[in-house]
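Visitor: Please show me the model, and let us go through the terms used for it.

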Amino acid sequence: MPRLLQILLGRERSRVYALEEGSYVVGRGDGSDLVVASDIVSRRHASIVVSATDVRVTDLESSNGTYINGSHVLGESVAVEGDILLVGDVAMRLHGTKVPTLSALRPDAEPGSSMNLSGNLLEVPPPTLLRYLAVIKKTGVLQLTSPPIQSRITFTRGHIGEVLVDTRKTRDPIQALTAILRWKGTFDVGPPSNAGSSLLLGLDAVLPPVGSASRPSMLPKPPRP
């Protein structure tokens, strides 16, 4: 049975790639096995190896990185059904035998544009959405809901500048972002606000890299029993 990759974010949203067992190169170049429409995806961006037991992902020294569930892939990492692969600015979810119909999405016209992007967090979860905004070096405001809670996160060229939860600026942004990663409401990305904010942190602080080349200190801590 083939694995299925469904595009969630990108110019070809809803497109599905069927992957039989074998090795595939993802990129924007004609020589790639999976050609994706994006100006910031490298010509040979990432390798995907599908076997009977797993799916292995390796970044091919791309310009803008390869990510699984928002975490930077260093070396080789394993993806399982339900995981989201972000190749540059193209997000694709790995499915088994069937894929769902995606809802309408008000998309950015081009990476980094100031137009709005909105949708639901079940389709595009917060870790992937946050990393996508970082990759495209977005300057703007991300608003998320997890009823009845709301949050507002400002971005300046892909760096998080401020985190507010229910209109209050959090004293511990990393703890707040870690909680927000589990939200399942809606999101809306808009242009910058007039209020300025100081640069705060990059996403690796809450989404540590994964893969065979990750240092032990980079790996996520196991959940407490």
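**The cavity and a buried serine**

Guide: Leu5, Leu19, Ile48, Val55, Val57, Ala79, Asp83, Leu85, Met92 and Leu94 line the largest cavity. The model is predicted, so local features need pLDDT of at least 70 and side-chain atom pairs pLDDT 80 or more, while totals for chains, interfaces and linings use all residues. Residues are numbered from 1 along each chain as its sequence is written, and side-chain values use heavy atoms, without hydrogens and water.

Visitor: What makes a set of points a cavity?

Guide: On a 1 Å grid over the protein atoms alone, a 1.4 Å probe fits at the points but cannot get out; lining residues have an atom within 4 Å of a point. By this rule there is one cavity of 30 Å³ or more, and the largest has a volume of about 60 Å³, a volume being the space filled by probe spheres set on the points.

Visitor: How many residues of the lining are nonpolar, polar and charged?

Guide: The lining has nine nonpolar residues, no polar ones and one charged. Asp counts as charged, and Ala, Val, Leu, Ile and Met are among the nonpolar types.

Visitor: Why is Ser151 called buried?

Guide: Buried means under 20% relative accessible area (1.4 Å probe, protein chains only). Ser151 has 5%, and therefore counts as buried. Of the 225 residues of the protein, 48% count as buried.

Visitor: Which residues does Ser151 touch?

Guide: Leaving out residues up to four places away in sequence, Ser151 touches Leu142, Gln143, Leu144, Leu164, Val165, Ile180 and Trp183. Contact means heavy atoms within 4.5 Å.

Key: Buried means under 20% relative accessible area, exposed over 50%, partly exposed in between (1.4 Å probe, protein chains only). On a 1 Å grid over the protein atoms alone, a cavity is a set of points where a 1.4 Å probe fits but cannot get out, and a pocket is an open set with protein on both sides within 12 Å along at least five of seven lines; lining residues have an atom within 4 Å of a point.
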